[in-house]
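Q: Please take a close look at one part of this model for me: the aromatic side chains and what surrounds them. I would like the geometry, with cut-offs, in one connected account.

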Amino acid sequence: MSSSPIATAAMLAIGDELLSGRTKDKNIGQLADVLFLVGIDLKEVRIVGDDEEAIVEALNALRARYTYIFTSGGIGPTHDDITADAISKAFGVPCLHDPLAMQLLGAMYERRGVEFNEARKRMARMPEGAVHIENPVSTAPGFNIGNVYVMAGVPQVFTAMLSAVVPTLAGGVPMLSRSVASPFGEGDIGSALAAIQKNHPETSIGSYPRFSENRFSTEIVIRSREEAPAEAAERDILQMIAEIAVAKAAS
């Protein structure tokens, strides 16, 4: 067994448009993929609307429970972009126009020949003491305060900010993954698979149903931080499939 600590994470996706269905979130999957590769366990995802009290409540619950918190959305120029205010309130610090952010945005809009008006200046606001998260796509920075990383909701910008953040994080031992194709549906393997999971607590075993050519099958995915437990679980799963096949052939 590895003695490396396991880092955990949660995501708080912010925006009325996510709850109404107007916007289909792409950032959750991207975050999950990236964290998986660096050995950080994404344990929880919450989606909240543009409601300051709801954001504060969710953020304070999550940041007390997990190593890292990632947020997306609500740091734009419009009146309903209230994430910076809510994060400031959660940490009990003022939300201010950050001087460096003002400089970066001002220079960018000047190059574009666009007025740096009050709405656009909102994107320079962040909690006092926060550290910038670089935005190479559209300049307006995200920010980090405590164990909270606040990023844009636009997937291209979120991904760019995440790429800047991940090298600074203390990850753990990356999870290993192996897949077993079962020709039987979940109804056939469910009970036996539950018993295998119980016998191999150092693994996480997931089943994913498939339907093709008028028949069900299942992809079984085994995840573990060690090779030996994954191999042992895979052997038992292959044995389970063989036994079910024999039983069906005899019936």
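A: Let me start with burial: a residue is called buried under 20% relative accessible area, exposed over 50% and partly exposed in between, using a 1.4 Å probe and protein chains only. This is a predicted model, in which local features need pLDDT of at least 70 and side-chain atom pairs count only at pLDDT 80 or more, while totals for chains, interfaces and linings use all residues. Residues are numbered from 1 along each chain as its sequence is written, and side-chain values use heavy atoms, with hydrogens and water left out.

Now to the rings. The structure holds five aromatic pairs, where rings of Phe, Tyr and Trp (its six-membered ring) pair if their centres lie within 6.5 Å; planes under 30 degrees apart are stacked, over 60 edge-to-face, and the rest tilted. One of these is the edge-to-face pair of tyrosine 68 and tyrosine 149, with 6.2 Å from centre to centre and 65 degrees between the planes. This pair joins distant parts of the chain, since tyrosine 68 belongs to strand β3 and tyrosine 149 to strand β8 (residues 148–151), 81 residues apart. Helices (H or I, at least four residues) and strands (E, at least two) are DSSP runs numbered from the N terminus. Both tyrosine 68 and tyrosine 149 are buried. A stacked pair is formed by tyrosine 109 and phenylalanine 116, because their ring centres are 5.7 Å apart and their planes meet at 20 degrees.

Lysine 121 lies over the face of phenylalanine 116, at 5.7 Å from the ring centre. Arginine 63 does likewise over phenylalanine 91, at 4.0 Å.

What packs against β3, the strand that carries tyrosine 68? Among others, the buried residues of helix α3 do: they pack against β1, β2, β3, α4 (83–91) and β8, with contact taken as heavy atoms within 4.5 Å. Those buried residues are Ile55, Val56, Ala58, Leu59 and Leu62. Helix α3 (residues 52–63) has 12 residues and reaches 16 Å from its first C-alpha to its last, close to the 16 Å expected at 1.5 Å a residue; the expected span is 1.5 Å times one less than the number of residues.

Helix α2 meets β3 as well: its buried residues pack against β1 (7–14), β2 (40–48), β3 (68–72) and α7 (155–165). In α2, the buried residues are Asn27, Leu31 and Leu35. They lie on the same side of α2 because they cover an arc of only 55 degrees around the axis, the arc being that of the directions from the helix axis to the C-beta atoms. Asp33 and Leu37, on the other side of α2, are exposed. For its length, the 12 residues of helix α2 (residues 27–38) should span 16 Å at 1.5 Å a residue, and the end C-alpha atoms are 17 Å apart, which agrees. Glycine 39 follows α2 and has a positive phi, near 80 degrees.

Which helix holds tyrosine 109 among its buried residues? In α5, the buried residues are Ala101, Leu105, Gly106, Met108 and Tyr109. They cover an arc of only 165 degrees around the axis, which puts them on the same side of α5. Tyrosine 109 counts as buried because its relative accessible area is 6%. The face turned away from the buried side of α5 carries the exposed residues Pro99, Gln103, Glu110 and Arg111. The 14 residues of helix α5 (residues 99–112) should span 20 Å at 1.5 Å a residue, and its end C-alpha atoms are 20 Å apart, which agrees. The buried residues of α5 pack against α6, β5 (125–127) and β6. Helix α6 (residues 118–121) includes alanine 119, which is partly exposed, with a relative accessible area of 34%.

How values were computed: A charge sits over a ring if NZ of Lys or CZ of Arg is within 6 Å of the ring centre and within 35 degrees of the ring normal.
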